[in-house]
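Student: Could we go through this protein together? I would like to know what to look for.

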Amino acid sequence: MTVIKQQDFIQSIADAFQFISYYHPKDFIQALTKAWEKEENPAAKDAMTQILVNSRMCAEGRRPICQDTGIAVVFLKVGMNVQWDAELSVQDMVNEGVRQAYAAAGNPLRASILRDPAGKRQNTKDNTPAVVHMEIVKGDKVEVICAAKGGGSENKSKLAMLNPSDSIVDWVLKTVPTMGAGWCPPGILGIGIGGTPEKAALMAKESLMGHIDIQELQEKAASGAELSTVEALRLELFEKVNALGIGAQGLGGLTTVLDVKIFDYPTHAASKPVAMIPNCAATRHVEFELDGSGPAVLEAPSLEDWPDITYDPTNGKRVNLDTLTKEEVASWKIGDVLLLNGKILTGRDAAHKRLVDMINNGEELPVDFTNRVIYYVGPVDPVGNEVVGPAGPTTATRMDKFTRTMLEQTGLLGMIGKSERGPVACEAIADNKAVYLMAVGGSAYLVSKAIKTAKVLAFEELGMEAIYEFDVKDMPVTVAVDPTGQSVHAIAPKQWQAKIGIIPVDA
């Protein structure tokens with residue numbers, strides 16, 4: 001009988017969440033590199049360059065790949081012959097491991113978990129509790145998968161109860177474009193089919209924990225070998241989702257997904273539950289096994305696994321934010337690459353709600369936004385001589401409902417975030433001759449190197465959601481919505497869908 005000691009289990013969980021915060025899985029790097037090599041859209045290739053360079057920097061510096069260090073998800077398969085030498089429950093041991101990982105002095109991770117989600121939404125301060133899925137199986141070992149899932153990709157999860165005769169392919173191709181770019185493609189789609197609604201969602205999530213193997217499946221098909229229903233469906237969806245032309249960061253291009261993973265389960269004759277959950281460019285998971293001999297030993301990837309590429313931050317038009325005017329902003333067009341220099345403000349969901357409430361109540365704002373640019377970001381705490389920790393953009397669409405008020409009532413000129421803006425925001429931008437700039441999601445550590453100073457100006461009690469002022473040098477962004485309201489995310493994917501030519505644009 002195998003005995004698993006409490007401290008060994010806790011230490012393994014803590015080590016795993018630190019490990020995945022700065023190491024991409026090797027198969028992900030290999031797949032993204034192949035996609036980067038064949039990408040024809042310069043904007044998408046630039047985005048993938050930033051992601052790959054950021055990934056290697058994080059591996060070298062052991063700092064988070066993304067500022068959103070995720071909600072902790074743990075899958076456990078516990079052998080029936082395992083005995084626990086522990087005083088804590090399994091859930092409590094996992095939570096303690098997560099707590100230790102996220103509070104690690106050398107690499108603190110951002111605490112994003114809120115209690116009372118329907119009410120006060122108060123941060124738990126240590127990223128607990130984790131979401132634990134446990135299964136009792138035959139054997140005398142404990143199999144563990146730890147994953148950190150960012151909010152941007154989790155928020156794009158979809159669930160449908162299809163009719164038995166409905167096409168899963170049609171549903172996926174109709175649904176993926178509605179997900180926008182907030183899930184930070186290129187990534188992986190996990191799909192669960194069958195069972196019940198909650199079973200389908202769990203299968204979709206668990207399928208994402210597998211290794212990227214679509215190329216092996218393509219080779220199997222090319223050899224003439226017989227494919228299972230799931231294998232054939234994976235290949236069809238892989239080809240057709242990429243043919244949608246969404247591309248890296250939604251900028252249009254040849255690669256939207258690096259793999260499509262599918263788990264299925266028997267279901268009721270009247271039902272066809274289908275769930276789809278994406279994994280973003282900050283794909284983070286690791287698996288290990290405990291056999292009673294001590295804590296898990298995780299093998300670090302070799303730096304040789306990353307491509308030998310660099311990112312040149314000088315390929316763009318330099319902009320002085322401290323002297324920015326409406327006239328200068330009016331000259332910018334979608335697709336323009338800008339290098340931002342000077343002072344920017346930060347703020348995201350909680351800060352925006354507070355600001356808009358203050359405006360509606362006639363209160364004086366704590367910060368002057370006149371002719372300023374605001375960056376939607378919640379940075380990781382700095383360590384050592386860092387000015388700020390990894391500080392990549394958060395999903396901009398969450399701020400859409402605040403945009404018109406902010407532009408019309410504060411004198412704000414522009415916003416920086418990731419992914420597309422919705423029609424409401426684009427209309428407000430056009431009406432106010434403002435601009436939306438896109439930074440690359442999944443390049444948080446790289447972006448942080450452009451930040452030379454950082455100080456909190458307001459709402460300090462909100463932690464990472466406080467309003468900061470950053471002084472930046474050559475921070476790379478792309479004009480995603482210009483002052484006329486044109487959106488690169490609305491235009492470019494359709495252009496690339498037509499160029500690829502597999503799916504008619506009007507389909």
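**A strand inside a sheet**

Tutor: Strands β8 (residues 158-162) and β11 run antiparallel and are joined by 5 bridges. Helices (H or I, at least four residues) and strands (E, at least two) are DSSP runs, numbered from the N terminus, and two strands pair if DSSP finds at least two bridges between them. Please note that this is a predicted model, in which local features need pLDDT of at least 70 and side-chain atom pairs count only at pLDDT 80 or more, while totals for chains, interfaces and linings use all residues. Residues are numbered from 1 along each chain as its sequence is written, and side-chain values use heavy atoms, with hydrogens and water left out.

Student: Which residue stands opposite A160 in β11?

Tutor: That residue is V274.

Student: And how many bridges join β9 to β11?

Tutor: There are 6 bridges between β9 (residues 187-194) and β11, and these strands run antiparallel. Within this pairing, I188 has N279 of β11 as its bridge partner.

Student: What is the order of the strands in the sheet?

Tutor: The order is β8-β11-β9-β10, in an open sheet of 4 strands with mixed pairing. β8 and β10 (257-265) are the edge strands, each pairing on one side only. From one strand to the next, the twist averages 15°; the axes behind such angles are lines fitted to C-alpha atoms, for helices over the stretch in contact, and angles run from 0 to 180 degrees between N-to-C directions.

Student: Do β9 and β10 pair in the parallel or the antiparallel sense?

Tutor: They pair in the parallel sense, over 8 bridges. L189, for example, has V260 in β10 as its bridge partner.

Student: Back to β11: why is it largely enclosed?

Tutor: Strand β11 (residues 272-279) is largely enclosed by the rest of the structure because 8 of its 8 residues are buried. Buried means under 20% relative accessible area, exposed over 50%, and partly exposed in between (1.4 Å probe, protein chains only). In a regular strand the side chains alternate between the two faces of the sheet. Both faces of β11 are covered: K272, V274, M276 and P278 are buried on one side, and P273, A275, I277 and N279 on the other.

Student: New topic: where is K220?

Tutor: K220 is in helix α8 (residues 214-222). Its relative accessible area is 29%, so K220 is partly exposed.

Student: Which residues is K220 in contact with, leaving aside its neighbours within four places in sequence?

Tutor: They are A225, E226, L227 and E231, where contact means heavy atoms within 4.5 Å. K220 and E231 are 11 residues apart in sequence, and their C-alpha atoms are 9.8 Å apart in space.

Student: What about helix α13? Which of its residues are buried?

Tutor: In α13 (residues 423-431), the buried residues are A425, C426, A428, I429 and A430. They pack against α12 (400-410), β16 (414-417), β17 (435-438) and β19 (467-481). K433, which follows α13, has a positive phi near 50°.

Student: Is D474 buried or exposed?

Tutor: D474 is buried, because its relative accessible area is 10%. D474 lies in strand β19, and its phi is near 50°, a positive value in a residue other than glycine.

Student: Last one: where is the cis peptide bond to P129?

Tutor: The cis bond joins T128 and P129, with omega about 5°. P129 is in the loop between β5 (122-123) and β6.
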